Structure formats: structure tokens, C-alpha cells
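Thanks for asking me to look this one over. Here are my notes, in the order in which I would go through the model with you.

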Amino acid sequence: MDPIDVMARYEDRTARSRELYGRARRSIAGETTRSSVWFEPYPLYAASGEGCRIVDADGVERIDCIGNYSALVLGHRHPAVLAAIAAQLERGTAFSAPSEREVELAELLCERLASVERVRFTSTGTEATMYAMRVARAATGRTVVARFEGGYHGTHDFAQVSTHPDLAAAGDPRRPSAVADGPGIPPRVLEMTLVLPFNDLEGAKVLLAERAADVAAVIVEPVMGSCGCIPAEEGFLEGLREITRELGMLLIFDEVISLRLGYGGAQGVYSIEPDLTTMGKIIGGGLPVAAFGGSADLMGIVDPEAPVTMEQAGTYNGNPLGTAAGAATMRELTPTAVERLNAAGETLRTELREVFAAHELDVQIVGMGSILAVHFTNGPVRNYRDVAGADGELLGRFVIGMMNEGIFLAPRGMMALCTPMTDGDLAQVVRATDRVAAELA
Ligand SMILES: Cc1ncc(COP(=O)(O)O)c(C=O)c1O
């Protein structure tokens, strides 16, 4: 496929998005307000969504294979979620007082997650990981947070380290350097961050043992979402559980994406109980709600009646509209619904692999349950270095090619399935991939 051709076709069908992009340039720095949805030549502007379909500003309908980066697990405008929002709209959207809605969502989350006895709500996953790190520092009296290269934990200062480091600066793969994701991250933050190699338990153990006295917590995504849907390999999380216990560090599972992978989150699938869990995306049912939680004892630090309290405020924390939508979503996401979605993901991965193999393209389809990512590389994808070595230019053409063929996915090649998707919809995704792969080959 001629790269010019694929872009020309994209631009041909997206005049209104191009116009909005041009208009945005005059008032929004960087044209969109969310770095993760930007791509070249310009992103599609969304007009509406229904079920598993999204309609762009030009009225073109596509299958929405990303659902607001995995948040819309029930698709767009699910009737139960709309009803919960509508009922709450009648009562009001925000009060400077708690409401029954936040209690309901908290109960649902504590019931699902074995390791979570108490939660606190935030508006974003970014805040959830920031507070989880702070709880860990308060609980241990240590300051360093260990995290994995390529892991994504949002955009606060302590999260923006070695998420996507330039390989020239990233150092030894088994002893990764702490690299700021961009300007403005204080050097002190880098000193207070220990970067570990993902899926390399022995490597991680050595580095943790070296800084044993300083490390408050290890934060890890059980399945690295943003990095390319890379699951922790067998024994890896178990090993982290053991070593953190041994060295007196907390283990934080960042389940902002992975919560959807099991009824009790990825921690249920892997049968591991972290000390703290961060959640987001699906728990807001399409509205901005996130949370952090853990044992009653650990979370007691935010209790206003505790002798020393960690303050956690936020104008929209636990707001009734978002928590109502989130509770409705969690109720719909039964064990059967999760199983069906995961099975659909497994089938789609198999079929996509067959398609790329038939066109003799070096592609790895990586993922778990209902999330997956496409990597243009011939080697296994086990960590950030493998992803960084893949062909990004080809991936970019693939993504635009899929947009042209009626499939909306994340610019980084990620897909997250939603419950309204039928076998027919998934077959459409496979057929579109086949056409795009044929052009790429
Ligand atoms: C694992 C993980 N943690 C944290 C975040 C940050 O969440 P938010 O975008 O709501 O701030 C994300 C967002 O994609 C995520 O994937």
C-alpha cells in the first residue's frame, strides 16, 4: 500500500474532522486536549456512538474497537447506563456532600475484589495512582516507587517516568535508566523512581534488593495496557508478591485497564492479592470516575478520624452521576459477560494471527481476554524493548488503513472489545484486517 494513498484516502473522507482540527488549533494547544488520541494527519472527531459503533463528524460509521481506551466495556449508550444517568440527572449532578451512589459503587467494587476492603474515589486514573503511591509512602516511611519500563500509570510527575523512553537513553535492558517522559519532570522524581524490567523476575529482584531500604512500593499493571497489551508471564506477579512482602514494600496493581479482564479484575485471574489496587475506565461507565483501594488497615490513612490523616479531596470525587453510571456498568458486567467478552477476544486474536500469517507479514497479536494490540515485529513481545523495536511506521499505516476500512482503533494499534459486539461485527474486523494486510504486504 502506498503510504500517500492511504493518507489521501483518509483525508478524502474526513473533511469535517480536518476542519474541526484546524479550528481547534486556534484555541486548544496541540489541537486536541488528550495526547493519546492525537495521530497524524489529524484525529477523527467523534459525533456520536451507539452500541459498538462510533460515528465521526463526517457522518461515517465505524466499528469502535477501542471504546474510549477500554472504558466503554458495555459500548456506547447502554440502556442500563443511560437509565442510571437519567435517574440521577433528575436528582442533581454534584453536591458538596456524599451520596448513596458512591456507596453503591464502593460496595460493588469491594465485593468483586478480594484484596479491596475499602476504596476512595477520584476522577481519573492519574489521581488514583498518585494517591496509591502516597499511601505506600505514608505506610512504609520510604520514598522510592519502583515501576516497570513501558508501564503506564497516568500523567502525574511520578507516573511520567520511563513510559516510552528513547532506547538511546534507556540503558541496559536488565537495569533500565529512569528517563523522564518529557520536560518538566524534576530530576528528584527520577532519583525517587526505580525502573524495573517487565517479565524479568530475576532482574527485578536484584534491583529491588539493592534499594530495599528505600522502596515504598512496586506498581505494576498485571497486563501492560498502553505498552501493547502485554500480559505478565507465569510466575512473574507471584514472584513480585513474594519479594515485596519479603522486603517490606507494598505491591500496587494498577488495574485501570486490566480490571475488565476478570470479574475480580486481573488479580482474580492471576489469583494474587496486591496491597493496593488502582481502578478507572470501566468503573465510571463512560464518565470520569476512578478509585484506589486496599485493606481497611492501609486505607485507614485517609480516615479523617485517624491520628495522622492523609488528605484526599477533589470536587468531583465520587460524584453521583459518574458513580451511578459506574455502578450500572459493574452490575451488567457479570461473570458470564466477562467470560463471553474474553472468549471473543481469544477468537479475534486467533483469527487476526491467521490473517497476517496468510499475507506473510511479521506481526504479533498480543493480549489477554478482551484487549489486544497489533505489533509489527517478528520476535516475541514480552516487554517495552520488544515494542520499541517494532515497525512503528507500518503500524501507523495499518491503523489509518483500518480507519479507511470502517474500523476505529487506538493509534497505537490497541483494541478493546465491548459487550454489544456480535460475531458478525468481529467478522467485519477480520475482513477489514485482511484487506489492509493485503495492501501492506
Ligand atoms: C494502567 C493505567 N493507569 C493509569 C491510567 C491513567 O488514567 P486516566 O487517563 O484516567 O488518568 C491509565 C490510562 O490509560 C492506565 O491505562
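The points below go from the whole chain to its sheets, cysteines and salt bridges.

1. **Basis.** This is a predicted model, in which local features need pLDDT of at least 70 and side-chain atom pairs count only at pLDDT 80 or more, while totals for chains, interfaces and linings use all residues. Residues are numbered from 1 along each chain as its sequence is written, and side-chain values use heavy atoms, with hydrogens and water left out.

2. **Overall form.** Along the principal axes, its C-alpha atoms fill a box of roughly 65 × 55 × 45 Å. The secondary structure comes to 17 helices and 18 strands (DSSP runs numbered from the N terminus: H or I of at least four residues for helices, E of at least two for strands).

3. **Packing and surface.** Of the 441 residues, 57% are buried (buried means under 20% relative accessible area, exposed over 50%, partly exposed in between, with a 1.4 Å probe and protein chains only). Among contacts with a separation of 6 or more, 69% join residues 24 or more positions apart (contact means heavy atoms within 4.5 Å). The accessible surface is about 18300 Å², with 51% belonging to carbon and sulfur atoms (Shrake-Rupley method, 1.4 Å probe; for residues, only the protein chains shown count as cover).

4. **Strand 8.** This strand, residues 193-196, is covered on both faces: Thr 193 and Val 195 are buried on one side, Leu 194 and Leu 196 on the other. Strand 5 (residues 144-148) pairs with strand 8 in the parallel sense over 4 bridges (two strands pair if DSSP finds at least two bridges between them). Within this pairing, Val 145 has Thr 193 as its bridge partner.

5. Four strands are ordered 1-2-3-17 in an open sheet with mixed pairing. Its edges are strand 1 (46-50) and strand 17 (407-408), each pairing on one side only. Strand 17 runs parallel to strand 3 (residues 61-64), with 2 bridges, and Phe 408 stands opposite Asp 64.

6. **Cysteines.** The whole structure has 0 disulfides (pairs of cysteine sulfur atoms within 2.5 Å).

7. **Salt bridges.** There are 19 in the structure (a side-chain nitrogen of Lys or Arg within 4 Å of a carboxyl oxygen of Asp or Glu). Arg 9 and Asp 5 meet at 3.7 Å, N to O; they are 4 residues apart in helix 1 (residues 3-12), about one helical turn. Arg 9 is partly exposed at 27%, as is Asp 5 at 38%. Together with Glu 439, these two residues form a network of salt bridges.

8. **A buried arginine.** In helix 16 (residues 392-404), Arg 397 and Glu 393 are again 4 residues apart, and their salt bridge has its closest N and O atoms 3.5 Å apart. Here Arg 397 is buried at 13% relative accessibility, whereas Glu 393 is partly exposed at 49%.
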